[in-house]
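Subject: Structure handover

Hello,

Here is the structure you asked to take over. My notes follow below it.

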Amino acid sequence: MAETPRREDNGHEGHPFAQMITIGVVAAVIGTAITLLMSWFPTNAAGSAGKIDTLYDVLLIVSVPIFVLVMTVAIYSVWRFRARPGDMSDGAPIHGNTRLEIIWVTIPFLLVTGLAIYGWITLNDIEAKQPDELVVNVTGQQFTWTFEYPAQKVKSPELVLPVDRPVHFKVHTKDVIHSFWVPQFRLKSDAVPGVTTRIRVKPDRVGNYEVVCAELCGIGHATMRNRVRVLPKTGFDAWIAKQRGGGAAGGGGGGAPSGKQLFTANGCDSCHTLADAGATGNVGPKLDDIAAAAAKFGKARHESARNYVRESIVDPRAFTVPGFPKNVMPTTFGKDLSKRQIDALVGYLLRVGGGKG
Amino acid sequence: MTATIHRFTAPGWYRAALGVALGFGIGAGTVTLIRALYGFDPVFFGNAVVTAGALIAAPLGFLIGIGCFDYWFYWASGRPTRPEDHSGHGARSWKDYFRVNTDHKVIGIQYICTTFFFFVAGGLMAMVMRAELAQPGSQFVDANTFNGLFSVHASLMIFLFIIPVFAGIANFVIPLMIGAPDMAFPRLNALSYWMLPVAGIMMLSSFFAEGGAFATGWTAYAPLSTETPLGQNFFTLGVQFAGASSIATALNFLVTIITMRAPGMTFWRMPLLVWANFTTSLLVVIATPFIAGSQFFVLFDRSLGTHFFSAGTGGDVLMYQHVFWFYSHPAVYIMMLPGFGIISEVISTNARKPIFGYRMMAFSLVAIVILGFTVWAHHMFVSGMFSWLRVPMMITTMLIAVPTGIKIFSWLATLWRGVIHLRTPMLFALGFITMFTLGGISGIMLAVIPFDIHVSDTYFVVAHIHYVLFGGSVFTIFAGIYHWFPKMTGRMYDETLGKVHFWLSFVFFNLTFGPMHIVGIDGMPRRVSDYAQQYATWNAIISVSAFIFGLSFLVFLYNMISSWRHGPKAAANPWRAHSIEWQVSSPPPIFNFDEVPTVVGGPYEYGVPGAVHAVFKEKEPAAVPAGGGGAPPPTTE
């Protein structure tokens, strides 16, 4: 016959299948052990986090051996069945093996079904409604978060939570889609225009964490971060009390709002640098010398520095400082702040933005 | 004088330039006239002029000018069409690659070279991003440019590299493989190609638009995408041209594969690459109109003042994501199934064995196509959509592991007891099997909703997508390019350089994208130009690996260019493969076959005594050796 010869099997080299399986099992055990011992997650600071971490361990136990198995068969086959130089023969004409094919359809099917059921149970666990929930309204905007405690009538740019009490977050946005995520809680929900999304968390570890915006929301997305503090119950109550009295204490007497408080409470600090308020944002113009800039641009626009600053807050689309992107600053401040608050903010900015840098 | 006029009336670059100018004028004029009639202020509005003139009318003018529509226009207007003299068929010099050509082999090479150009462009953007991310803080580019870089990077890689390069490889190989003289619609084929450079240049040039390149990711989620500067329109319309090209090509493949197979080529005798492109084309034809629709709505919201995606005025924000992912999840399989086909060819040829479980391999492709349409919302587990949809989509997503597993295990079984030749394409195929398995596993993890809630929109997702699209798709592309390089160019590539390319890619691919799993789970979000100090060490490692990974591509480029020019001449069938494209000369004759081949058996009958896939009329079947199919004995190894 003219066809290429078929390679002869060398029966005396030991049973290749058993040899390979032994190597594979050992490698799979080692691989699984290593991945389980690795520290993957950030601090675990909520009840749901532990469940998700365990779920991930189960996923590793199922998937690492599969990966190692594939690697082993590939490497072993190459090592064992590699053509010798000048070898023109063909391999064994095996077209299939029904029993083997049934096995590798059935086992993955059972594995993923099991994982899906386990995932479903965990999902129901972490989303279950709990008694005595503290409601927090979370609002995203380019590029900061605000947290409102409706029952306590408190609003803050910082998320402060009592330890061991379930929290029900209702997530909103003023502009585009953001995503509310505290990695230490493991939970995340997009903030969607026109929709209220919800997540439930029970923080169980006192500490300082960060809210991270996880959905691309524009130029300041990378720096859209707010502080999270989980406090003991007494500390939380004290914080609430301080916040409720805060307006009077800060304003001195008549309850007039402090410009500095307004500046941080409305998230101005996430985009602008202002030394007096400890702000280091770099999306918009620096405000340390806003007085001089306001005089300059105001003059060009035939308005006083005070009116220029006011217009920049209330109607930011009217003028953009050259070198900065247009249409980035939110247009909601004119609506959200009262006239008195705006006056206070403008006065504060012109006072501390005197160019001392 | 008449020669000058003739230049501007005959199809070609002069007329294309004229077409661009006229198109721009007509588009800009129309929109300005409409604004004047409506009394809009200003009448001459830059954004509108650029959108209607430069992005819509000028590209159409270019396509008409270069000559994509000449035959159809003659035909449609009832004038006598030019008799086909085959002057637009085959390439006699390099200049023929810069003209409208109807030869599927020329178009295939046009596709591949063009898409690799955009691959390099997208890769360079990745390098700039890794430079910026090498340490925390802001060093090289500002946030807006960075957002533009990753958006254009992803768009080029997806719409101008992976999807079309597969169409390019298939364009060259499929007609030869099924014994057809060309594609079913050669003129449509040419039009499909010429829309690609239009789309790619549009996306690249968005960096020069006022306000910078589109910066909303390749996902362009509304309402961010409806509010950002002009650059977004370059994406919105670029996608239309790339999508139209995709749809037309897929239609062409479907008709070609269904109607133009050689006698005896039943569906169960088709090589798996043909099956793969058949199923991919089904996906493209069904799914691609959805992304076209979603981007048109974004364009209308941006340019015409509609409110499809603005909440509170009758619009629905989440609808964008549903429509977008109804295309973009199947798109993942559009970017993977042709690669599956390439791997089947490479593995069986280089292991000298029939594909294990051939029919199951074909059925699993079909299963992936069907399941692929039922999983889109797994991209939306944290999106705030109606929550009941999540669990069903988790289940369907995980079920895709079953047909995918069939393929992986069948390839492994094909290796078993083979005679394995570790040539460069085989190395890339093995690299693909292992890396794609890892990407598939992280895909299963992402499908489990509670875990996804934590890692959604983090670097874990970045790692996953690069394992499936680079370790998966791009490795199969490299395997395919090396495998068919002798057939396409008539020359052999340098095997040593090919192996160097593989090992550099394989090692530094893993060092680049492997650690991204770790920083992702640890809390680093994706699409950020700056990050917390705690991720600094890993990011430095990732960046250094990425630079070496990027440089490894130069080895490939050098190998391809120098081998194409000076490589040793290739035999017709250097790999001793059975499929039909290897039974004709390298490169193939201009009209593919002097004799129509007759298919008499399966495509992978290695090791079966006397087995032949196809015979040519004048030859006796018995005279054709199983390993050679009429080709001289292999001279290269």
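**Domains of chain A**

The domain assignment divides chain A into domain 1 (15-79 + 102-127), domain 2 (134-249) and domain 3 (257-352). Please keep in mind that this is a predicted model. For chain A the mean pLDDT is 87, and 92% of the residues score at least 70.

The centres of domain 2 and domain 3 of chain A, taken over C-alpha atoms, are separated by 24 Å. Between these two domains, 16 residues of domain 2 of chain A are in contact with twelve residues of domain 3 of chain A. On the domain 2 side, the elements that give two or more residues are strand 2 (144-149) and strand 3 (154-156) of chain A. By class, that side of domain 2 has four nonpolar, nine polar and three charged residues.

**The five-stranded sheet in chain A**

Chain A has an open sheet of five strands in the order 4-10-9-6-7, and its pairing is mixed. Strand 4 (159-162) and strand 7 (187-191) of chain A are the edge strands, each of which pairs on one side only. On average, neighbouring strands of this sheet are turned by 25° against each other, direction ignored. Strand 4 of chain A pairs with strand 10 (residues 225-231) of chain A in the parallel sense, over four bridges. Opposite Pro162(A) stands Leu231(A), in strand 10 of chain A.

**Val346(A)**

Val346(A) belongs to helix 9 (residues 339-352) of chain A. Is Val346(A) buried or exposed? Val346(A) counts as buried because 23 other C-beta atoms lie within 10 Å, and the cut-off for buried is 20 or more. Leaving aside neighbours within four places in sequence, the contacts of Val346(A) are Arg306(A), Val309(A) and Arg310(A). Ala305(A) is 41 residues from Val346(A) along the chain, and the C-alpha atoms of the two are separated by 9.7 Å.

**Contact between the chains**

How many residues of chain B are in contact with chain A? On the chain B side there are 80, in contact with 77 residues of chain A. Helix 15 (residues 401-415) of chain B gives the largest share of the chain B side, with nine residues. Sorted by class, the chain B side divides into 50 nonpolar, 22 polar and eight charged residues.

**Trp325(B)**

Trp325(B) is in helix 11 (residues 317-334) of chain B. With 23 other C-beta atoms within 10 Å, Trp325(B) is buried. Not counting residues up to four places away in sequence, Trp325(B) touches Trp376(B), Ala377(B), His379(B) and Met380(B). Pro271(B) is 54 residues from Trp325(B) in sequence, and the two are 31 Å apart in space, C-alpha to C-alpha.

**Backbone points to check**

Two cis peptide bonds are listed here.

- In chain A, the peptide bond from Gln142(A) to Phe143(A) is cis, with omega near 0°. Phe143(A) sits in the loop between strand 1 (134-141) and strand 2 of chain A; strand 2 of chain A is also one of the elements on the side of domain 2 that touches domain 3.
- In chain B, the peptide bond from Ala222(B) to Pro223(B) is cis, with omega near 5°. Pro223(B) is in the loop between helix 7 (186-205) and helix 8 (224-227) of chain B.

Two arginines of chain B have positive phi.

- Phi of Arg352(B) is near 55°, a positive value in a residue other than glycine. Arg352(B) is placed in the loop between helix 12 (337-351) and helix 13 (358-372) of chain B. Arg352(B) counts as buried because there are 30 C-beta neighbours inside 10 Å.
- Phi of Arg527(B) is near 60°, again positive in a residue other than glycine. The loop that holds Arg527(B) runs between helix 19 (495-521) and helix 20 (536-566) of chain B. Arg527(B) is buried too, with 24 other C-beta atoms within 10 Å.

Regards

How values were computed. Residues are numbered from 1 along each chain as its sequence is written. Chains are lettered from A and ligands numbered from 1 in the order in which they are written. This is a predicted model: local features need pLDDT of at least 70, side-chain atom pairs count only at pLDDT 80 or more; totals for chains, interfaces and linings use all residues. A residue is buried if 20 or more other C-beta atoms lie within 10 Å of its own, exposed if 12 or fewer, and partly exposed in between; C-beta atoms are placed from the backbone. Two residues are in contact if their C-beta atoms, placed from the backbone, lie within 7 Å. Domain bounds come from an automatic or database domain assignment. Ala, Val, Leu, Ile, Met, Phe, Trp, Tyr, Cys and Pro count as nonpolar, Asp, Glu, Lys and Arg as charged, and the others, Gly among them, as polar. Two strands pair if DSSP finds at least two bridges between them. Axes are lines fitted to C-alpha atoms, for helices over the stretch in contact, and angles run from 0 to 180 degrees between N-to-C directions. pLDDT is the predictor's confidence in each residue, from 0 to 100.
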